[in-house]
Structure formats: C-alpha cells, structure tokens
Amino acid sequence: MARPRKPLLNRDRIVGAALTVVDLEGLQAVSTRRLAAELGVSGPSLYNHFRTKDEILDAVADRVCAEVDLSMFRDGTRWPQALLRWARSYRAALTAHPNIVPHLVRGPGRRPSQLRMADEVFGAMVAAGWPRAQATRIGALMRYFVAGSALGSFAGGFVDDAALYDSDYPHLDQAHLLAEHRRRVDEGAFETGLQALVDGLGLQYGARDDGARDDGERADADHADGARQRPARPRG
C-alpha cells in the first residue's frame, strides 16, 4: 500500500503550524482556514482535533509553557534560588514566543503545563513555610512580573534619533543608544527587578519568622510572670 504524500493530520502538527503563524505574524493571523492552508488539508478536518480556534491557541500556549524548567522545585533547591531559576526559564520561554503571551496570561484554564507549573510553585512555597494565601500571591506576583517583561522591549521603544531628545528631554541625552543595546538593557532590567522581588520576599519571610519567635518569647514571658504572681499553694 502506497504511503500518503503528506503526514497524517494530528494535534501536534496543528499546534506546530499555529505556533509558527503566531511567532511570525501574531495572534490575529491565526484562523482555521489559514492553518488548513498551511497544512495542506481542508478546513473542517481541523475540527476533528480542536473544536475552536481558542482551543488551538490554548494548546500553543501550553506547548510554550512546557518548555519552562520546573526541576528546581523538586531537587531540594531553597525557595529563593528556586524562584530565581524558574523565573529565568519562564521568561526565556516567553521571550522566544512573545506573540503568544497575551493569550497565555489569561490564566491556566485547562492547560496541563500551566496547571502543573502553578501546582509546583504553590507547593514549593507552602512546603517552605509560606502561608497558603501568601504562596498564592507569590505565584501571581511572579507571573505578572515575568509575563510583563516578555510583552515588549523597554529599550526597543526608543528611536535612535539623538536630535529628538536634545532640547525637550535633557535627561534622555543617551536614549538614542538604548535600542542598540536592547538585549543588555532589557535583560539587565529583568534581573534587577527579579532580584529585588526575591530579596523583598526574603525580608518578609524573615520578618514572619521573627514575629513567630517574638510571639513565642512573649508567651514564655507571660507564662513566667503568671507563675511568679500566683500565690503558693499551702502545704499539708
């Protein structure tokens, strides 16, 4: 029996084609008609694998999140270092595919890779001693920061025309050089903010421990004071 001229259509091929379109042209360029043309199939055949375009984009977002390293939450790494390593891997995955970020940041929904990531981060923070509510906030905070850093380039937003900044913006006299050093500026800004966030969380974590110790010390002191103030029981 002769082999088919084209590989059989499957979810993996559809997601791969959609990711290529998103990377090159953005979310607005994705449609079932466009993907069918890219894959050399009829449009309705895609519906055997995905019910809607949003389902396809969910699968694309989940494939991108599957690239994020989560091993640091399982190998005994202390929580501050784990957050740093995870955030860097997360950002690397998003900056490789920035056009999918607006869809991805809607939340994990039913996407397995994003749900797994949320589960790993939350579980690691709770295991480290963070209260569950604060562990939830930490996961949200880190996602806001990483996704925001991947949405666009700060340095790339400045034009390289020195004359633009000469008279009206005297403090931006070097701004025309930013685009030339885009990667260094953007990565440096990310690292500065990331370290500040984790250092700040470390201070909160230490204050939490100090507060617990202070409460314990006060309880011990109150107990000792109460013992001194209680009259001695008569003997006999």
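Arg 183 is exposed, with a relative accessibility of 65% (exposed means over 50% relative accessible area, buried under 20%, and partly exposed in between, with a 1.4 Å probe and protein chains only). The side chains of Arg 183 and Glu 187 meet in a salt bridge, 3.0 Å from N to O (a salt bridge is a side-chain nitrogen of Lys or Arg within 4 Å of a carboxyl oxygen of Asp or Glu). Because Arg 183 and Glu 187 are four residues apart in helix 9, about one helical turn separates them. Salt bridges that share partners also join Glu 25, Arg 34 and Glu 38 into one network.

A word on the model itself: it is predicted, so local features need pLDDT of at least 70 and side-chain atom pairs count only at pLDDT 80 or more, while totals for chains, interfaces and linings use all residues. Residues are numbered from 1 along each chain as its sequence is written, and side-chain values use heavy atoms, leaving out hydrogens and water.

## The chain as a whole

The chain has nine helices and zero strands (helices are DSSP runs of H or I with at least four residues, strands are runs of E with at least two, and both are numbered from the N terminus). Buried residues make up 31% of the 236 residues. Among contacts between residues at least 6 apart in sequence, 68% join residues at least 24 apart (contact means heavy atoms within 4.5 Å).

The accessible surface comes to about 14800 Å², and 53% of that surface belongs to carbon and sulfur atoms (areas come from the Shrake-Rupley method with a 1.4 Å probe, and for residues only the protein chains shown count as cover).

## Salt bridges to helix 3

A search of the whole structure finds 10 salt bridges. One of them pairs Asp 54 with Arg 106, with the closest N and O atoms 3.8 Å apart. This pair links distant parts of the chain, since Asp 54 sits in helix 3 and Arg 106 in the loop between helix 5 (101-104) and helix 6, 52 residues apart. Asp 54 is partly exposed at 39% relative accessibility, whereas Arg 106 is exposed at 59%.

Arg 111 and Asp 58 form another salt bridge through their side chains, at 2.9 Å from N to O. Arg 111 lies in the loop between helix 5 and helix 6 and Asp 58 in helix 3, so the pair ties together parts that are 53 residues apart in sequence.

## Ser 113 in helix 6

Ser 113 belongs to helix 6, which spans residues 112-127. With 10% relative accessibility, Ser 113 counts as buried. Leaving aside neighbours within four places in sequence, Ser 113 is in contact with Asp 62, Cys 65 and Ala 66.

Which residues of helix 2 are buried? In this helix (residues 32-39) they are Thr 32, Leu 35, Ala 36 and Leu 39. They cover an arc of only 100 degrees around the axis, which puts them on the same side of helix 2 (the arc is that of the directions from the helix axis to the C-beta atoms). As a reminder, an α-helix has 3.6 residues a turn, so residues three or four places apart point the same way.

The buried residues of helix 2 pack against helix 1 (11-25) and helix 3 (53-65). On the face turned away from that buried side are the exposed residues Arg 33 and Ala 37. Just after helix 2, Gly 40 takes a positive phi of about 70 degrees.

## Asn 10, ahead of helix 1

Asn 10 lies in the segment before helix 1 and is partly exposed, with a relative accessible area of 33%. The side chain of Asn 10 reaches the backbone nitrogen of Arg 13 at 2.8 Å. Asn 10 and Asn 48 are 38 residues apart in sequence and 9.0 Å apart in space, C-alpha to C-alpha.

## A nonpolar surface patch

Val 159, Leu 164, Tyr 169 and Leu 172 make a nonpolar surface patch of about 340 Å² (patches are made of residues with over 30% relative accessible area and no salt bridge, like charges being joined within 9 Å and nonpolar side chains, namely Val, Leu, Ile, Met, Phe, Trp and Tyr, within 5 Å). Tyr 169 is found in the loop between helix 8 (162-166) and helix 9 (182-229). At 42% relative accessibility, Tyr 169 is partly exposed.

Key:
Polar contact = N/O pair within 3.5 Å; in protein donor to acceptor, adjacent residues only side chain to side chain.
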